[in-house]
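Colleague: Before we dig in, give me the ground rules for reading this one. After that I've got a few questions.

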Amino acid sequence: MSLIDEIKNGESKTLEFKKEFPNNESIAKTVIAFSNTSGGKLIIGVDNNGKIIGLKENVDIFDLQDKIASIIYDDCYPNIIPEIYTANIDGKIIIVVEVFRGSLLPYYFKKEGKNNGTYIRIGATNRKASYDNILELERQKRNISFDEEINYDVDFYSLDISPIRLEFEKVGKQIDMEKLKNLKLIKEENGKIYPTNGLLILLGKYENCTIKCARFKGKTMDIFLDKKDYNGDLFSQLEKAESFIKNHINLRGEIKGLQRTDTYEIPIEAIREALINAVVHRDYTNMGRDIKVGIYDDILNIVSPGGFPSTLTEKDILEGRSEVRNKVIARVFKELNYIEQWGSGIKRIKSTCLKYGLKEPIIKETGDFVDVEIYREVPESAGKVPESAGKVPEKYRDLSEQEIRIIEYIKNNGKITSKEVEKLIGVKNRRAREILKEMIDRKIITRKGRGRSTYYSLKAHQK
């Protein structure tokens with residue numbers, strides 16, 4: 001991409017504009033942030049809107065370049081060696097300070113020291129790095145991930161690893177102590193076995209190992225119709241989150257010959273890939289954040305903590321470049337066939353949705369989160385809430401979408417069985433019975449008959 005095209009795209013994780021020569025501190029902090037993140041270009045002579053102003057005519061270019069080099073040398077530590085050059089765009093001279101990601105992480109502002117003077121790039125801004133950010137930079141310098149580190153506070157033998165063992169059995173593999181070591185789920189020191197952070201993450205032992213799901217009414221977060229928080233091992237979280245999404249999106253039916261086929265409005269492959277990406281690539285070092293799944297009338301939104309890995313930009317990710325933040329988690333998921341090929345996940349999400357006839361999903365870095373928006377296809381007649389003057393009737397406003405569909409089915413057919421509920425809202429038998437029991441407890445429906453003859457009808461006040 002040419003320099004002009006980069007400027008047209010505006011400020012970003014790797015690009016910052018200054019209309020005039022900034023103060024020493026501003027230059028140093030931007031250069032440090034670029035060095036600690038993905039590298040980047042500081043361009044002097046361009047305003048915040050991307051308009052090329054150019055340097056004043058009487059400015060000594062060579063003197064300015066020397067001054068920038070001296071500021072970086074005097075104020076930044078360890079030493080940073082950028083490329084400083086000029087460019088002539090439509091007769092206007094600008095200075096470009098091009099910085100490359102460093103290998104002596106973390107870089108910091110000398111007079112503030114490492115703990116207070118380390119800066120990173122978040123979106124188009126420079127942010128002071130937290131203690132956790134600094135630890136992560138030091139890990140990157142040693143080429144070790146957070147999930148590879150030992151946790152000395154947890155006794156390995158107190159852990160129940162059966163969820164992991166079960167997942168391996170599903171793919172016809174066994175897991176023993178040697179395999180746990182090879183996958184870096186455990187490490188041995190002085191003859192004692194310790195779990196790594198990766199093992200504890202897989203088992204869901206940290207407070208931020210959570211997926212929070214919600215179905216919102218309309219296109220905003222003002223009112224939710226249903227919400228669930230899923231904890232425990234990552235494999236069960238994925239399964240439950242996928243089921244939650246399926247319960248709240250529409251099925252479409254198609255008749256081919258004598259057969260009817262039902263498919264979800266969003267391809268399941270795209271849903272699974274987006275969830276797996278969120279779980280495998282999120283930032284687990286920040287203990288106060290979790291994955292959030294939001295289902296709106298128009299989109300499925302999955303937000304995971306942590307921007308793209310430091311060396312990568314959004315453009316790199318979309319082109320299929322891959323860098324693994326959580327090496328242990330990724331290795332286990334690859335071993336269990338959750339991951340087909342490194343760097344192919346985002347392309348697969350987009351391609352499956354496009355083949356399905358949906359608009360191209362939006363996958364972007366928003367601050368220090370990754371935001372995935374998958375558009376829903378909402379057929380005119382599928383699962384519509386009864387409307388009156390464009391509004392949901394008052395008696396339906398505290399009901400979930402599944403409950404509304406069950407009520408409408410009973411109104412049209414007089415009754416419903418648990419098997420019919422399974423087909424109607426696309427859930428398994430156990431979940432169908434849970435929903436029906438909740439509706440009974442809330443006096444929405446009543447149960448009649450016994451055994452195989454059991455069915456459900458509406459309470460009188462719902463008819």
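Modeller: Helices here are DSSP runs of H or I with at least four residues, strands are runs of E with at least two, and both are numbered from the N terminus. It's a predicted model, so local features need pLDDT of at least 70 and side-chain atom pairs count only at pLDDT 80 or more, while totals for chains, interfaces and linings use all residues. Residues are numbered from 1 along each chain as its sequence is written, and side-chain values use heavy atoms, leaving out hydrogens and water.

Colleague: How many helices and strands does the protein have?

Modeller: For scale, its C-alpha atoms fill a box of roughly 90 × 65 × 40 Å along the principal axes. The secondary structure comes to 16 helices and 20 strands.

Colleague: What is the phi of N190?

Modeller: Most residues other than glycine have a negative phi. N190 lies in the loop between β9 and β10, and counts as exposed because its relative accessibility is 84%. Its phi is positive, near 50°.

Colleague: Is N337 buried or exposed?

Modeller: N337 is found in the loop between α12 (327–335) and α13, with a positive phi of about 70° although it isn't a glycine. Its relative accessibility is 54%, so N337 counts as exposed.

Colleague: Which residue is joined to P106 by a cis peptide bond?

Modeller: Most peptide bonds are trans. P106 is in the loop between β5 (92–99) and β6 (108–109). Omega is about -5° for the cis bond, and the partner is L105.

Colleague: Where does P78 lie?

Modeller: The Y77 to P78 peptide bond is cis too, with omega near -10°. As for the spot, P78 is in the loop between β3 (76–77) and β4 (83–89).

Terms used. Buried means under 20% relative accessible area, exposed over 50%, partly exposed in between (1.4 Å probe, protein chains only).
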